[in-house]
Amino acid sequence: MSDQPNPPANGGAMPATGPVVLNLQFTKDLSFEVPGAPEIYLSLREAPRIDIALDVQARRLQEGQETYEISLQIRADAKTNEGATAFIAELVYCGIFTLNGVPREMLEPLLLVECPRLLFPFARNILADVTRDGGFPPVLLAPIDFVQLWQSRRGQASDTPVANA
């Protein structure tokens with residue numbers, strides 16, 4: 001007889017027990033539009049100007065549970081020098097995270113900084129692939145400083161007046 005414990009029924013893998021566990025990641029929404037096709041491909045002489053908007057959202061999946069959905073929302077608007085829309089790409093890339101024994105004061109930075117940091121490389125790759133597959137140069141997002149994004153968002157929330165007179 002062996003003194004080794006029986007392997008778990010989930011294929012032999014031991015369950016992850018760290019403070020942050022990424023259970024699942026997935027594309028929740030993906031949209032790629034070329035409103036001026038096919039003419040835009042004929043008239044585009046140089047790379048379009050691309051404006052990027054990025055947002056992070058976190059929501060608890062079940063009350064009383066420490067499982068959260070983190071959504072990384074990215075929108076890329078590409079315009080020609082003449083102002084015509086070359087393409088619009090929108091991506092909502094999500095992860096389901098479980099937090100184990102995380103102190104309350106660390107909850108927000110973990111959800112809005114560390115979790116999106118884990119998701120970002122995958123979302124970046126999807127956006128690059130979809131724009132390249134759409135006939136344009138791939139959009140390669142620069143690394144995002146999620147700490148700065150979180151801090152600026154917190155500053156806006158506290159400094160913004162409730163109403164303007």
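## Ground rules

Two strands count as paired if DSSP finds at least two bridges between them. Helices (H or I, at least four residues) and strands (E, at least two) are DSSP runs, numbered from the N terminus.

This is a predicted model, where local features need pLDDT of at least 70 and side-chain atom pairs count only at pLDDT 80 or more, while totals for chains, interfaces and linings use all residues. Residues are numbered from 1 along each chain as its sequence is written, and side-chain values use heavy atoms, with hydrogens and water left out.

## The overall layout

Walk along the sequence and you get β-α-β-β-β-α-α, so to speak: three helices and four strands. Out of 165 residues, 31% are buried (under 20% relative accessible area, 1.4 Å probe, protein chains only).

Now for contacts, meaning heavy atoms within 4.5 Å. Among those with a separation of 6 or more, 68% link residues 24 or more positions apart.

## The sheet

The four strands make an open sheet in the order β1-β4-β3-β2, with antiparallel pairing. At the edges stand β1 (20-33) and β2 (49-60); each has a single partner strand, so one side of each lacks a neighbour in the sheet. On average, neighbouring strands are turned by 15° against each other, direction ignored.

Take β2 and β3 (residues 67-79): they run antiparallel and are joined by 12 bridges. One spot to look at is Q57, whose bridge partner in β3 is S71.

## The helix across it

Helix α2 (residues 104-133) lies across β1, β2, β3 and β4 (85-99), and runs at about 140° to β4. Axes here are lines fitted to C-alpha atoms, for helices over the stretch in contact, with angles from 0 to 180 degrees between N-to-C directions.

Terms used: Buried < 20%, exposed > 50% of the residue type's maximum accessible area, 1.4 Å probe, protein only.
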